[in-house]
Amino acid sequence: MDFLNYPQPLADLISCLARLPGIGPKTAGRLAFYLLQQPRVSEDLAQAIIEANHNIKKCSICSNFTDQDPCALCQNSQRDPSELCVVEHPRDVVSLEKTKEFKGRYHVLHGVLSPMEGIGPEQLTINLLLKRLEGVQEVVMALNPTVEGEATALYLARLLKPLGIKVTRIAHGLPVGGDLEYADEVTIARALEGRRQL
């Protein structure tokens, strides 16, 4: 989209909004004009972004986003420490928690293995995962059913099985190529119930 006819601050705002996932140039333009017409919304949004950037960090145990360390899920003594659910992103924890099916603890990888994008084991939180396996009997792979998600699940299974840990995969109640974030609670619940050993 050509921003030449816009004042520079507006062009910069549109450009920044267009970098958000799922936001194209036209939507970015509409959002920018809306924000300019609603100064209170703009200020609240800007403040919320600043607050989140300053106050949200990764939990030192599970790597989930939190405003306290350790996070509320890791501090919850009602959670089963013998079950660990591995997910790609913090938003996946939220999706799984909505089902109220999983009673164990979580580990967030912050991505999946993707050699094409230069993402190897070192770029993920795999080393942190390997350090927290004491007392863990089952690791549930709740990674998205993509090629990279499957490859990451198999890689982790090869690391964990020799340690005597049962490794399971959530069932494919989720469509291949889909994301946990967009699945409904029933689909995710069925996928958790039908998990299988790798």
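Guide: K100 is exposed, because its relative accessible area of 62% is over the 50% cut-off. This residue sits in the loop between α5 (90–99) and β4. K100 is not a glycine, yet its phi is positive, at about 60 degrees. Most residues other than glycine have a negative phi, and most peptide bonds are trans.

The model is predicted, and strand β4 (residues 104–108) has the highest confidence in the protein chain, at a mean of 98. The lowest is in strand β7 (residues 196–197), with a mean of 76. The protein chain averages a pLDDT of 92, and 97% of the residues score at least 70.

A further positive phi is found at H110, near 65 degrees, again in a residue other than glycine. H110 belongs to the loop between β4 and α6 (126–130). With a relative accessibility of 22%, H110 counts as partly exposed, because this value falls between the 20% and 50% cut-offs.

The peptide bond from D69 to P70 is cis, its omega being near 0 degrees. P70 is placed in the loop between β2 (65–66) and α4 (72–75).

As for the cysteines, the structure holds zero disulfides. C85 is in none, and the nearest cysteine sulfur, that of C62, is 11 Å away. C85 counts as buried because its relative accessibility is 0%, under the 20% cut-off. C16, at a relative accessible area of 40%, is partly exposed.

Methods. Residues numbered from 1 in each chain as written. Predicted model: local features only at pLDDT ≥ 70, side-chain atom pairs only at ≥ 80, totals over all residues. Heavy atoms only, no water. pLDDT = per-residue confidence, 0-100. Helix = DSSP H or I, 4+ residues; strand = E, 2+ residues; numbered from the N terminus. Disulfide = S-S within 2.5 Å. Buried < 20%, exposed > 50% of the residue type's maximum accessible area, 1.4 Å probe, protein only.
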